[in-house]
Amino acid sequence: MSKLLTDSVLSAIGNTPLVRTSRVMASAGFHLYAKLEALNPGGSTKDRPAFSVIKHGIDTGDIGPGTVIIESSSGNMGIGLAQACAYFGLRFICVIDPKTTVQNIRLMKAYDAEVDLVKEPDSTTGEFLQARIKRVEMLLTETPNSFWPNQYANKYNPIAHHKTMSEIHEALAGTLDYLFCPTSTCGTLRGCSEFIRANGLKARIIAVDAIGSVIFGGQKAKRLIPGHGAAVKPGLYQHGLAYDCVHVSDLECIIGCRRLVRHEAILAGGSSGAVLMAVEKYREKIEDGATCAMLFPDRGERYLDTIYCDEWVIEHVGDVSHYWQQPREELQCATAI
Ligand SMILES: Cc1ncc(COP(=O)(O)O)c(C=O)c1O
């Protein structure tokens, strides 16, 4: 069925556009595209695993009338699940922590989700993630007929992303050489990697992780920008999923996001800025004429009070606007559209 006529909002998930981004790295000798996952109906790539996990639960009978869905998320997965649960008429409790933005809480509540706030980090690890997981476990034992999607370990998270990769593969007619993929649960990375292996494709995945994340063996440290990165190695992680990995700082995320607006008019989330800067850091290794795709997981509206707020940027990383305020390129109206 075409995306212009769909059975439900959930069937509008996927088939997001792959956009040529030829201005932001104009001097590069390779072709660069961005997969705009913000154009999923719930506003992020997490619509895919949220729907996949809930649909599988319904198909197997693990989720039925009256089932209460309980998950830990501070952002996009919570919103994706809230959307899917609203559609299927399921009660959804999202366990959040104080770092969850007011906007994300409002979005989940607007979809009729309940939020359960964990106020203190885990006493052993000092991390909110473990505190949230413990709270989920407690709620699951207290709540009859409850179901935990468990996005960090549920294989229907990566399975949802086989389609993400197949869409890119088809759009580029099999020419993809490099996929730059941000990582947190590793659902996207694993799903894309499995599709590449299963179909014997030549594409190589470059994982994009945050400095301060432990997924690829880095030292745990405080991070400002949510989305990519994890304080605990996710259950879905497997050695060898990525060909290489690039670590990106919070400052680089901000620069990447602001450059995307300036050169491509793309208002994207923090991990998209990270992905762009990962390409920048990796560009010497990319052969001329290669075809590269970047996964952009969500939209910039969710970061208006941080990445796109000049005062916030100055307070947290200083006055760094010179990194993106190079003279604007001549707008090439004739070739732009
Ligand atoms: C904005 C953003 N970027 C990147 C990711 C990483 O995706 P994955 O969990 O599939 O590794 C997420 C996951 O929540 C995200 O919300």
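C181 is buried, with a relative accessibility of 0%; buried here means under 20% relative accessible area, exposed means over 50%, and partly exposed lies in between (1.4 Å probe, protein chains only). The closest cysteine sulfur to that of C181 belongs to C192, and because the two are 5.3 Å apart, they are too far for a bond. A disulfide is a covalent bond between the sulfur atoms of two cysteines, and the rule used here asks for a pair of cysteine sulfur atoms within 2.5 Å. By this rule the count of disulfides is zero. C257 is likewise in no disulfide, as the nearest cysteine sulfur, that of C253, sits 6.5 Å away. C257 is also buried, at 0% relative accessibility.

A word on what you are looking at: this is a predicted model, in which local features need pLDDT of at least 70 and side-chain atom pairs count only at pLDDT 80 or more, while totals for chains, interfaces and linings use all residues. Residues are numbered from 1 along each chain as its sequence is written, and side-chain values use heavy atoms, with hydrogens and water left out.

Now let us turn to the nonpolar cores. A nonpolar core is a set of buried Ala, Val, Leu, Ile, Met, Phe, Trp, Tyr and Cys residues joined through side-chain atoms within 4.5 Å. The largest one has 41 residues, and F30, F180, I286 and F296 touch the most other members. Among the elements that give two or more residues to this core are β2 (31-36), β7 (178-182), α7 (250-264) and β10 (291-296); helices (H or I, at least four residues) and strands (E, at least two) are DSSP runs, numbered from the N terminus. The biggest giver is α8, with seven residues. If you look around F30, you will find contacts (heavy atoms within 4.5 Å) with M25, V279, R283, I286, E287, G289, A290 and C292, not counting residues up to four places away in sequence. A second, separate core of 24 residues includes Y33, C192, L201 and L236.

D116 is buried, with a relative accessible area of 16%. Apart from neighbours within four places in sequence, D116 is in contact with I93, C94, V95, I96, R135 and L139.

Finally, have a look at helix α2 (residues 76-88), which holds Y87. Y87 is partly exposed, at 44% relative accessible area.
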